[in-house]
Amino acid sequence: MLPDRSRRKQIEQVVVTAEQMRQIEARIFAAGMPVAALMEKVGISIARRVQTLYPYPQVRRVGVLVGPGHNGGDALVVARELHFQGYEVLIYRPIAKLKELTNQHAQYAESLGIPHFEAIAPLQDCDLLIDGLFGFGMERQITEPIASDIHQLDRWSMPILSIDLPSGLHTDTGEVLGKAVKATRTFCLGLWKQGLLQDRALEYIGTVELIDFDIPTADIHAVLEAPKVKRVTSDLAIATLPLTRPPVTHKYKQGHLLLICGSRRYAGGALLTALGARASGVGMLSIAVPESLKPLLNAQLPEALVVGCPETDNGAIAQLDLPEGTDLESFQAIACGPGLTLEATPIIQGVLNNDCPLVLDADGLNILAILGTQKLSRRSSPTVLTPHAGEFKRLFPDAPSPMQDRISAVREAAQTSKAVVLLKGARTAIANPSGQVWINPESTPALARGGSGDVLTGLLGGLLAQATAQHISVDAIAACAAWWHSQAGILAERERTQIGVDAFTLTQFLIPVLHQSVG
Ligand SMILES: NC(=O)C1=CN([C@@H]2O[C@H](COP(=O)(O)OP(=O)(O)OC[C@H]3O[C@@H](n4cnc5c(N)ncnc54)[C@H](O)[C@@H]3O)[C@@H](O)[C@H]2O)[C@@H](O)CC1
Ligand SMILES: Nc1ncnc2c1ncn2[C@@H]1O[C@H](COP(=O)(O)OP(=O)(O)O)[C@@H](O)[C@H]1O
Ligand SMILES: [K+]
């Protein structure tokens, strides 16, 4: 058995579907753990957290929503424990027929004199609600009268704590099955459920915390074969980032990145991409921009080698004019796209035909959507695509919608294109061509702001150049870039409020957040 801290770090990275959770639990029960004992353990852990967060007598009246399955059973254990701690507990039990174990707990709660109701109205004056209607056994749409009762909760203002998942959310896709509870906090049980990491679930889940119930890691490994879905925790990201250098090295051993970005019309995008790249610590930074942008870039990034390129009439890059003796394969990575405009199509064709690890974003993706993603499978070096949902749809019209199950969408896109795909959003998801998925579990809507994606492209390009030099996998480094970028947004928000995080400010928080995280 692993020491507790290291085990906890590992399980925080694991993400499961309902089916995988069922299989893991089945192994635990087959090994001899009684179902009732596990329910007791889980229920008591939740009751303790409730007491810490909402202590008696500041909070007195607690309503407990009880469904027919084991989610309801957990809720009844919580109800009983809170009753013994002095809280006034009221139970809402809309479905009379309960699973056997749940029924036993219901009978015992009755024998203790805890009142129960079929209707929701008697719970109106509660200070707090515990939602144990449905967990990962939720299998069909919620129907009346429960749907209307949940609708009623939206009009009340007390906090709601959901057990395992907000009732009504699909465990894997985060879809609302008819109607769902909007939780203030979710106590996710044992392992992270995939649905809690989908953008569309975020409105429902509130703050999520994992209630560990000591699932043996051997049972997790036995069920979860690669490819897996992983949460990019801080521990995972910091362990992967190329943060230390050998004592004897030089700039070209620390990665040489070429950025190709900007046009006369979109000068700022080039600057933000370059500032993102600077923060990555890349050994050498070359930036190809239209000739007219060269003074701006030189003034802001004195350390970079700025290559001014001939321009089209509209101020886009007409051709790459790299220095004597340099070609596209001289770099450890190329990142291109922000601000290029569609006039830069020949430039994108050129980089696609070269064998250098490549990040494509913004207009790079819009041009690729016209050229077709089939081109990528002919590349022998890795390609990373960083679309937001709109770009994703243009690139992968046949993949599942990125507005719905983002994990299936990004996985299918990576498998068909043979690229690493980083689907931007509130919970950015990254997939590699073998089907491994990473999800960035923490971010802030402060990042929903023009230019913040450009910063990510530069940061990722710089990390990719270093990863190539240090043999770190491309998907892992893309996941690290998403983590670093959003952590910088979170720190910037803390210091400057949610509306204070413009993209330039974001670049100024990349190093401070790393400094804070590494300690
Ligand atoms: N299996 C275990 O022993 C453990 C389970 N735990 C809890 O058990 C939960 C899973 O339990 P279950 O598998 O019993 O499933 P749930 O309690 O999530 O719900 C399944 C029950 O709801 C019914 N149902 C599903 N969708 C419905 C709908 N739309 N309308 C009306 N009824 C519907 C099903 O027929 C079944 O009776 C977890 O989420 C967790 O809370 C925890 O206690 C840890 C241990
Ligand atoms: N609601 C949100 N919560 C967290 N992060 C977000 C949210 N919306 C956008 N982001 C992040 O902000 C960035 C926006 O990138 P992008 O859409 O390319 O913008 P731009 O092209 O203007 O730079 C992405 O990294 C994305 O993940
Ligand atoms: K629930």
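Which helices each supply at least two residues of the shell around ligand 1? Hi everyone, let me start there. They are α2 (18-30), α3 (35-53) and α4 (70-84). Among the elements of that shell, α3 gives the most, with 4 residues. Before I go on, please keep in mind that this is a predicted model.

Let's stay with ligand 1 for a moment. There are 24 residues around this ligand, and the ones that come nearest are Glu 25, Asp 74, Lys 99, Gly 135 and Asp 164. The side chain of Asp 74 places an N or O atom 2.5 Å from an oxygen atom of ligand 1, and for the side chain of Lys 99 the corresponding distance to a ligand oxygen is 2.6 Å. As for cover, ligand 1 on its own has 870 Å² of accessible area, and the protein covers 88% of it. The site itself is the second largest pocket.

So where does ligand 2 sit? That one takes up the largest pocket. Around ligand 2 we find 17 residues, with Lys 424, Gly 425, Leu 447, Gly 451 and Gly 453 the closest. Helix α16 (residues 452-470) provides the largest share of this shell, 4 residues.

If you have the structure open, have a look at the contacts here. A polar backbone atom of Gly 425 is 2.9 Å from an oxygen atom of ligand 2. Ser 452 brings a polar side-chain atom to 3.3 Å from a ligand oxygen. On the nitrogen side, a backbone N or O atom of Thr 444 lies 3.4 Å from a nitrogen atom of ligand 2. Taken alone, this ligand exposes 570 Å², of which the protein buries 77%.

Last topic, the cysteines. How many disulfides are there, with sulfur pairs counted within 2.5 Å? The count comes to 0. Take Cys 336: the nearest cysteine sulfur belongs to Cys 261 and is 8.7 Å away, and Cys 336 is in no disulfide. Cys 336 counts as buried because its relative accessibility is 0%.

Conventions:
Residues numbered from 1 in each chain as written. Chains lettered and ligands numbered in written order. Predicted model: local features only at pLDDT ≥ 70, side-chain atom pairs only at ≥ 80, totals over all residues. Heavy atoms only, no water. Disulfide = S-S within 2.5 Å. Buried < 20%, exposed > 50% of the residue type's maximum accessible area, 1.4 Å probe, protein only. Near = heavy atom within 4 Å. Polar contact = N/O pair within 3.5 Å; in protein donor to acceptor, adjacent residues only side chain to side chain. Areas by Shrake-Rupley, 256 points an atom, 1.4 Å probe, with all protein chains shown as cover. 1 Å grid on protein atoms, 1.4 Å probe; cavity = no way out; pocket = protein on both sides within 12 Å on 5 of 7 lines; lining within 4 Å. Sits in = over half its atoms within 2 Å of the grid points.
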